[in-house]
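Let's take a friendly walk through some helix contacts and ring pairs. Please have the model open as you read.

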Amino acid sequence: MPAFGTGEIAALSTAALWAVSCQIHAILSRRLGAHTLILLRLPICIVMFGAWWGASVLFFGGGVMTSGPPAPTGAGGAGGPSPLALAALALSGVFGVALCDLLFYSGVVLVGARVALLVQSLSTVITAVLGYLFLGETIGPMGMAGILIATAGVAWVVGDGGTVPQGAVPPSRAVRMRGVGLALASALALSSGMVLSKQGLAEGVDPLFAALLRMVVAMGVFWPTAMLTGRLRPALSVVRGDEQDRRNFRLLLAASLIGPVVGVWLSLVAIGATKTGIAATLIGLEPIFIIPVAAMVERRWPTPRAIAGAGIAFVGTALLCLRDVW
């Protein structure tokens with residue numbers, strides 16, 4: 001049995017690493033554009049996840065299915081996941097990886113990582129509602145209170161003019177609202193992907209294999225689309241470009257390792273070592289952790305209203321995540 005505190009430490013570490021990774025990706029999305037960022041990041045993450053999953057198969061007995069209890073009749077069971085589970089995971093890759101990341105980093109370019117990440121944190125609220133509507137999950141009074149509080153906190157931050165990086169021009173209200181809208185759309189895509197993932201994982205599909213499959217499907221959709229629209233060749237030129245392009249690519253490699261790989265691994269450790277609600281709550285501190293990270297990069301702290309709103313949103317998210325724990 002894991003030592004007390006292992007799950008909590010892993011969850012906090014996940015939130016911190018994801019905040020750092022998000023800020024690095026935000027810098028790169030401004031330099032390269034959201035499309036180029038996603039086009040380059042997907043194959044990097046696939047290689048890293050593929051090596052990780054392959055190692056788990058060779059040395060730790062991993063595979064396509066977990067070694068848990070038998071799946072229900074009609075599910076994948078020992079013969080592997082059913083076509084329905086694979087289809088759900090594939091669709092979750094389209095919505096929760098490709099579309100979500102593209103919308104999110106397009107919003108980051110307009111409003112910054114701090115605001116976009118806070119708006120995207122509403123995915124917890126959207127996931128709870130979708131789970132209630134389509135999966136028969138309950139919300140309860142505590143969950144409803146969490147939804148209202150989290151939404152109010154995010155709305156309070158969105159209504160604040162906020163600060164901008166030193167030397168930058170403040171975005172107009174129209175630009176800011178467009179960025180918030182993109183971040184909110186990314187939250188909806190992320191929630192849709194999570195609901196679809198739950199359907200696939202319910203059959204006992206190994207989470208590492210599921211994550212790898214989602215990324216492969218996302219790349220299978222995103223790269224051909226980029227090729228048809230003429231975006232792929234300019235994106236690949238970054239790999240063999242000038243010194244600045246190579247510096248950006250090395251930064252992308254580091255960010256991909258920190259967030260999508262090490263961060264995901266720590267999140268799995270957290271979920272395995274403590275209650276899911278507690279792990280989700282602590283991982284939900286990412287919008288709080290990114291405040292000092294973004295402040296150091298942008299050389300300006302957000303307004304007190306923005307900090308308070310982020311705190312309120314976290315309290316609401318925590319109530320929603322912990323509704324089945326207390």
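## About the model

This is a predicted model, in which local features need pLDDT of at least 70, side-chain atom pairs count only at pLDDT 80 or more, and totals for chains, interfaces and linings use all residues. Residues are numbered from 1 along each chain as its sequence is written, and side-chain values use heavy atoms, with hydrogens and water left out.

Two packed helices are described by the angle between their axes and the distance between the axes. Helices here are DSSP runs (H or I, at least four residues), numbered from the N terminus. Axes are lines fitted to C-alpha atoms over the stretch in contact, and angles run from 0 to 180 degrees between N-to-C directions.

Take α1 (residues 6–32) and α11 (residues 276–283): their axes come within 8 Å and cross at roughly 30°. The two helices are therefore roughly parallel (angles under 35 degrees; over 145 is roughly antiparallel). Their crossing is right-handed (the near helix is turned clockwise from the far one by less than a right angle; anticlockwise is left-handed).

On the α1 side, Glu 8, Ala 11, Leu 12, Thr 14, Ala 15 and Trp 18 meet Ile 278, Ala 279, Leu 282 and Ile 283 of α11 (contact means heavy atoms within 4.5 Å). By class, eight of these residues are nonpolar, one is polar and one is charged (Ala, Val, Leu, Ile, Met, Phe, Trp, Tyr, Cys and Pro are nonpolar; Asp, Glu, Lys and Arg are charged; the others, Gly among them, are polar).

## Helices α4 and α6

Helix α4 (residues 113–120) packs against α6 (residues 140–158) at about 155°, with the axes 10 Å apart. That makes the pair roughly antiparallel. The crossing of α4 and α6 is left-handed.

Arg 114, Leu 118 and Val 119 of α4 touch Val 154, Val 157 and Val 158 of α6. This contact has five nonpolar residues, no polar ones and one charged.

## A tilted aromatic pair

There are three aromatic pairs (Phe, Tyr or Trp rings, using the six-membered ring of Trp, with centres within 6.5 Å; planes under 30 degrees apart are stacked, over 60 edge-to-face, the rest tilted). One of them is Trp 53 with Phe 209, a tilted pair at 5.5 Å centre to centre and 45° between the planes. Trp 53 lies in α2 (residues 34–59) and Phe 209 in α8 (residues 207–228), so the pair ties together parts 156 residues apart in sequence. Both residues are buried (under 20% relative accessible area, 1.4 Å probe, protein chains only).

## Leu 319

Leu 319 sits in α13 (residues 304–321). Beyond its neighbours within four places in sequence, Leu 319 contacts Met 142, Gly 146 and Ile 149.

Technical notes
Angles under 35 degrees count as roughly parallel, over 145 as roughly antiparallel, 65 to 115 as roughly perpendicular and the rest as oblique. Buried means under 20% relative accessible area, exposed over 50%, partly exposed in between (1.4 Å probe, protein chains only).
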